[in-house]
Amino acid sequence: MSESPEEIHLVSSNKSFGGWQKVFTHESTELKCRMNFGVYVPPQAEKHPVPVIYWLSGLTCTEANFIQKSGSQKYAAENGVMLVVPDTSPRGVNIPGEDECWDFGSGAGFYVDATEEPWKNHYRMFSYVTKELPALIKKKFNVIPDKQSIMGHSMGGHGALICALKCPGQYKTVSAFAPISNPTKCDWGKKAFAGYLGGKEGDSHWNEYDASELIKTYNGPCLNILVDQGKEDGFLKQLLPENLTAAAKNTPIDLDVRFQEGYDHSYFFISTFIEEHIKHHVKYFNC
């Protein structure tokens, strides 16, 4: 008998700052495989529903990187918010070549819904993050249904931006650390989009998953975006934050890109500013 997609199974549970850092596994209908996701349950959730922030991680990561390295639990507990952290791609679907490259396939789903064979049956991370996982969280956890937001790092920063821009009104706000801001113009994005979406650079359908293109035509409620970018980030040529800033001019988007002196692309950078990002999200939950 097949498992219901609404069934979740506890993998681990650790008390942290009065709440619980948990990891669960479930069978995803969008990705057609078993997926892990992390949930930090703040102590306030024992008494009343709480807002939820989704975190999307970067290339090569799983749900574990943010859980173990960001130091986010302390600030989530202090502010009474739940943190939900999915994996970065389908796992174990046995597509030939999916484990050959660090920047494509396993650990590199790029938060798109693939349209090309052999990826399109499993690599549907956009729908997983914006539809399936939120529905599961709302059903299984004590959250406020209309108070959710999203943030991420690098490839996950790209994911957070496109989720907010493509789903107007679904997220109260969005923030990102060193996001891949214009993937249609960088090598990482071109490789991923050619493989998952087909076609070549310049094809208009690539723009549907590019924050610097989506921001130009955004037509939803006022959206505030906070971006932190390290000035010593060795991947700046891939990230192109200046293109996002240029694209946001004369739009209804309130974009704040902060360049941080001396910081690189690592979790040392993320852990330094994660408190400010969580407080940014809480501000918009309270509006």
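1. Helices (H or I, at least four residues) and strands (E, at least two) are DSSP runs, numbered from the N terminus. This is a predicted model: local features need pLDDT of at least 70, side-chain atom pairs count only at pLDDT 80 or more, and totals for chains, interfaces and linings use all residues. Residue numbers start from 1 along each chain as its sequence is written, and side-chain values use heavy atoms, with hydrogens and water left out.

2. Start with helix H8, residues 241–248. Its buried residues (under 20% relative accessible area, with exposed over 50% and partly exposed in between; 1.4 Å probe, protein chains only) are Pro241, Leu244, Ala247 and Ala248. Seen down the axis of H8, they fall within an arc of 125°, so they line one face of the helix. The arc is that of the directions from the helix axis to the C-beta atoms.

3. What covers that face? Contact means heavy atoms within 4.5 Å. The cover of the buried residues of H8 includes helices H4 (155–166), H6 (211–214) and H7 (236–239). It also includes strands S8 (223–230) and S9 (253–260). Just after H8, Asn250 takes a positive phi of about 65°.

4. Now the aromatic rings. Rings of Phe, Tyr and Trp (its six-membered ring) pair if their centres lie within 6.5 Å; planes under 30 degrees apart count as stacked, over 60 as edge-to-face and the rest as tilted. By this rule the count comes to 18 aromatic pairs. One of them, Trp55 with Phe66, is stacked, at 4.1 Å centre to centre and 15° between the planes. This pair links distant parts of the chain: Trp55 sits in strand S4 (residues 50–56) and Phe66 in helix H1 (residues 64–69), eleven residues apart.

5. Trp55 is buried, with a relative accessible area of 1%. Phe66 also counts as buried, at 1% relative accessibility. Trp55 forms a tilted pair with Phe177: 5.9 Å centre to centre, 55° between the planes. Phe177 lies in strand S7 (residues 174–177), 122 residues apart from Trp55. Phe177 is buried at 0% relative accessibility.

6. Which residues form one aromatic cluster? They are Trp55, Phe66, Phe177, Tyr263, Phe269 and Phe273.

7. Last, the largest pocket. A pocket is an open set of points on a 1 Å grid over the protein atoms alone, where a 1.4 Å probe fits, with protein on both sides within 12 Å along at least five of seven lines; lining residues have an atom within 4 Å of a point. The volume of the largest pocket is about 170 Å³. Its lining has 13 residues, of which Gly58, Leu59, Cys61, His153 and His265 lie nearest its centre.

Notes. Grid points are joined across faces, edges and corners, and a volume is the space filled by probe spheres set on the points.
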